[in-house]
Amino acid sequence: MRKSLRVLLLGLVVCSFILGSISVAFTQVAPQIPRNETIIVDILGGRVVNPKRFNSWVIGVSSGTDSGIQQLMLEPLWCVEYAKGRVLNVLAKEPPIYNKDFTQMTVKLREGIYWSDGVEFTADDVIFTVETLKNKPGMSYNTEFNMYVDKISKTGKYTVIFDLKQPNSRFHTYFLDRWGACRFMPKHIFEKVEDPLKFDFYPPISLGPYVLKDVDPAGYWRLWERRKDWNRTAVGKMYGMPKPKYVLFIYYGAPEKKAMAQIKHELDMCDLTMESFRAVLQQNQYARGYRKDFPWVVNIDPCITGITLNNAVSPFNIKDVRWALTLAIDIVDTIGIAFDGAATMGALLIPPTPAYLRWYYRPMETWLKNFALDIEVDGKPFKPYDTNAPYRLAEYCKKRGYTVPPESQIKNVFGYGWWKYAPEVATKLLERQGFKKGADGKWLLPDGKPWKITITTGTNPAHPQYRNGFAVAQQWRKFGIDVEVKTSETAGTEGTYGKYEAITTWPAQEPWGGHPDLYRTFSAWRSKYVKPVGEAAIGAAGYISRWSDKKLDGIIDDMEKTAWDDPNLTKLGIEGLKILVEEMPSIPTFGYPGVVGWDEYYWTNYPGAENSYQQPYHHWPNFKFMLPYLKSTGRK
Amino acid sequence: MTFFKRYLLPRIIQYLVVIFIGTTVVFVVPRLMPTDPIQQTIERVTMQGTYIDPDAVEELKETLKELYGLKGTLFEQYAIFWKRLFRGDFGPSFAQFPTPVMELISISLPWTTILLLLTTLLSWVIGNILGGLAGYFSHYRWARILEGIAMFIRPIPYYIVALGLLILFAFIFPIFPVVGGASIGSEFKLSWNLIIDIIEHAFLPALSLIIVGTSTWFITMRLIVSNIVTEDYVSYAQSGGVSNKEIVFHYVIRNGLLPQITGLALSLGQIFSGALITEQVFSYPGIGTLLYRSISTGDYNLMMGITILSIIGIATGVLIIDIVYPLFDPRIRYE
């Protein structure tokens with residue numbers, strides 16, 4: 001018996017060694033693909049469950065859009081570039097040309113652009129795509145194109161004319177890439193297809209600088225190779241040759257696995273959690289974040305985080321209550337709890353990126369400083385704006401042992417200001433609405449019942465939404481409100497149907513990012529789109545706060561009549577933001593702190609804070625514009 | 001004939017009823033969830049950054065309802081569902097529209113089936129043999145060591161065991177890959193290289209499942225055997241001079257196997273549900289991730305497709321075990 005056991009155990013050990021010795025160390029690139037010519041980046045959206053599908057023109061379907069389809073394969077007419085705050089002309093030669101009443105849009109295409117199979121990209125592809133999407137229910141933009149496009153025609157090979165059924169000064173934004181846009185189908189392929197919905201488009205041809213080389217049948221990676229004729233693509237014409245010969249998109253899994261891969265130099269660019277990023281920094285001397293030093297994070301993401309309040313539910317329908325909740329938040333403490341100080345505060349319902357600081361935060365600074373609530377403190381109207389908040393945050397970070405940027409950089413790194421931490425003013429605001437404190441020091445509603453707030457959030461503890469929820473709950477508890485944080489897989493649905501009090505969904509619809517137009521942001525609060533509780537809101541951020549204002553409606557109407565390139569748009573934006581400050585329908589906290597890990601072992605010259613030539617994410621469509629700037633270190 | 005009428009036929013009817021009820025429940029339950037697939041699709045589009053004109057949203061909802069087959073009463077949808085099911089069609093996936101659910105399942109299922117079938121059988125065989133031996137020879141030191149190891153492993157959460165193996169053999173000693181089912185650039189044509197490659201990728205996930213699975217089977221078998229060894233027929237065999245090898249394999253383990261066989265049938269049936277944590281930790285392809293995605297995106301058809309396969313798998317496993325039970329237990333006769 002003992003002998004049998006020994007044989008069994010020995011067998012197991014031998015098997016392990018045989019399997020283990022087959023390859024001494026694993027590398028994630030195929031032997032015929034040189035690592036030093038390959039950049040390996042993470043697939044943000046996870047494993048592609050339908051790996052051989054490249055048709056990205058079906059509504060709501062993502063077959064790994066961020067595994068190279070939008071970054072390397074397809075091109076838009078225009079693309080948002082939020083690092084500098086501009087819109088790039090990609091397949092279009094110039095911005096759109098509208099007629100006076102915005103019923104016609106002319107697009108001039110860049111010449112000399114070719115699909116990877118050698119067929120030229122022309123107006124015919126644009127017309128075919130728009131007509132196909134318009135005629136086939138279930139395709140992306142089918143509803144919108146039916147609503148707006150009366151006729152699409154061409155004058156020559158490179159000029160497309162859209163005749164619209166109704167005026168639309170922003171019709172071109174359907175073709176403006178901001179992590180999604182109407183991109184184009186190759187007419188010569190799709191015109192032979194019986195049902196464009198069912199067509200997999202595999203193997204795909206490409207309009208971008210890379211073409212698909214290989215795909216994992218299990219969906220964990222997609223490998224792309226630089227086109228030999230890269231100079232016949234928009235990227236080639238705009239910025240020159242993309243430097244990596246190959247781009248491997250791979251999904252490693254949870255952040256700890258991405259960290260393991262990056263430590264071993266098997267993943268050049270990825271999204272991480274702050275904790276996994278710190279682990280990478282400690283163990284990989286070539287690793288860096290968006291900033292080389294604290295606070296490391298990307299602070300140019302065009303998204304503002306915060307707490308959305310349900311304005312259709314009492315007492316959040318009262319302006320004084322919303323402002324009291326804002327003044328009960330110590331933003332320094334909040335950012336400290338949520339991200340250990342590594343975030344840029346934003347007092348407005350737009351992101352505090354360099355572009356929006358330039359367009360709105362800075363021009364509004366005087367107004368913000370003078371803005372007063374209709375309540376007096378020491379006989380004077382109370383002015384809630386706190387320009388000192390970023391400096392307090394810098395002090396907090398110093399105390400935590402971090403080296404903070406020099407004083408001249410404080411505003412750019414930590415923000416321009418926030419709302420004063422003024423619990424005594426918050427108390428006054430609540431008391432004049434009939435709220436009072438009970439014997440236990442907890443707030444009671446005007447009807448005498450205990451005031452309990454439930455903050456709903458998602459289930460991912462690393463997400464800024466989740467962290468915002470717990471950090472703000474802490475502030476409100478300190479103020480004397482009984483707060484519960486409810487984590488839920490269905491938080492999104494609860495928000496949509498208005499079944500919440502406070503939720504951590506973005507407090508405002510994200511603006512374009514690369515353009516001062518705030519039409520997209522403000523539209524979410526348009527009176528005609530507000531839905532009652534129990535009925536699905538039209539969209540998520542902004543819409544679900546179920547707040548509207550007649551004055552803001554007027555501004556949105558004016559925006560519709562104002563051309564996209566009219567300087568008056570910024571003025572209208574400022575007027576709208578003033579209303580939002582006065583009403584505070586939801587509470588902004590800080591800009592989305594993106595945690596990216598970049599390994600400089602094989603590649604350098606990433607667009608970090610010190611050289612922000614492009615947006616920094618590998619999952620954005622703009623990734624292709626970054627590739628010509630990368631430099632190989634020459635390491636094998 | 002008596003066997004067919006008195007046992008097999010009622011048993012098959014019971015099997016079909018179980019599948020029918022299970023399938024009906026699977027049809028109804030997702031529709032009671034707060035997640036709405038139409039709303040999920042719209043949220044997916046907007047969260048990705050695409051701008052949907054607010055005025056277009058209502059019309060879009062109607063279009064999606066039509067495409068997803070969610071128009072009509074619940075009963076009408078139920079009737080269409082059965083009509084499709086009889087053709088072996090679970091309909092299109094909503095999140096991957098219009099790709100058929102069966103196509104998505106067929107991409108992931110082979111990985112799960114091979115991994116879980118092998119690991120379930122291996123851990124069952126190893127666990128039961130070692131558990132039987134350790135139970136019979138409980139006074140030996142090696143038996144106590146084996147029992148100690150199993151008792152130590154069993155309470156550790158599977159996630160920790162899996163992560164530990166991953167860190168040890170894929171990070172500190174990088175001898176196994178950390179992601180995928182095969183190497184990048186592998187040609188999926190039957191060859192020795194491909195088989196080795198697939199085994200390398202499956203090794204750590206399989207090892208983690210075998211370690212935990214074996215310890216579970218070991219402990220239960222050890223417990224069963226500790227009761228059997230006190231039975232008269234064992235003492236009688238020992239006093240009659242029957243060899244230990246004969247007693248342990250023909251009297252003790254064989255009798256101890258009966259409840260374990262039922263457990264095996266249930267475990268094999270559950271293969272179709274996948275092994276979500278294994279897939280997540282090792283980034284190994286499989287149906288667990290697909291099921292999780294279907295739940296989080298409100299993809300009714302995909303959810304139903306995977307769950308129905310699981311119901312059929314478990315029900316079939318139990319039916320087969322019921323039928324072949326006399327082979328393992330001579331006391332059972334269908335007369």
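A: One term before we start: two residues are in contact if their C-beta atoms, placed from the backbone, lie within 7 Å. This is a predicted model, in which local features need pLDDT of at least 70, side-chain atom pairs count only at pLDDT 80 or more, and totals for chains, interfaces and linings use all residues. Residues are numbered from 1 along each chain as its sequence is written, with chains lettered from A and ligands numbered from 1 in the order in which they are written.

Q: Which residues is T308(A) in contact with, leaving aside its neighbours within four places in sequence?
A: A502(A), I503(A), T505(A), P507(A), I544(A), S545(A) and S586(A).

Q: And where is the place of T308(A)?
A: T308(A) sits in strand β14 of chain A, residues 304–309. Strands (E, at least two residues) and helices (H or I, at least four) are DSSP runs, numbered from the N terminus.

Q: Is T308(A) buried or exposed?
A: T308(A) is buried, because it has 30 C-beta neighbours inside 10 Å. The cut-offs are 20 or more other C-beta atoms within 10 Å of a residue's own for buried, 12 or fewer for exposed, and partly exposed in between, with C-beta atoms placed from the backbone.

Q: How many residues apart are T308(A) and S488(A) in sequence?
A: They are 180 residues apart in sequence, and 16 Å apart in space, C-alpha to C-alpha.

Q: Changing topic: which residues does a cis peptide bond join in chain A?
A: One joins S314(A) and P315(A), with omega about 5°. P315(A) belongs to the loop between β14 and α9 (319–327) of chain A.

Q: What about chain B, which residues does a cis peptide bond join there?
A: F97(B) and P98(B) are joined by one, at an omega of about 0°. The loop holding P98(B) runs between α4 (74–86) and α5 of chain B.

Q: What is phi for Y141(A)?
A: Positive, about 60°, although Y141(A) is not a glycine. Y141(A) is in the loop between α3 (123–135) and α4 (142–148) of chain A, and counts as buried because 24 other C-beta atoms lie within 10 Å.

Q: And H265(A), what is its phi near?
A: Phi of H265(A) is near 60°, again positive in a residue other than glycine. H265(A) is partly exposed, with 18 other C-beta atoms within 10 Å.

Q: Where in chain B is confidence lowest?
A: In helix α2 (residues 37–47), at a mean pLDDT of 79, while helix α5 (residues 101–136) is highest at 93. pLDDT is the predictor's confidence in each residue, from 0 to 100.
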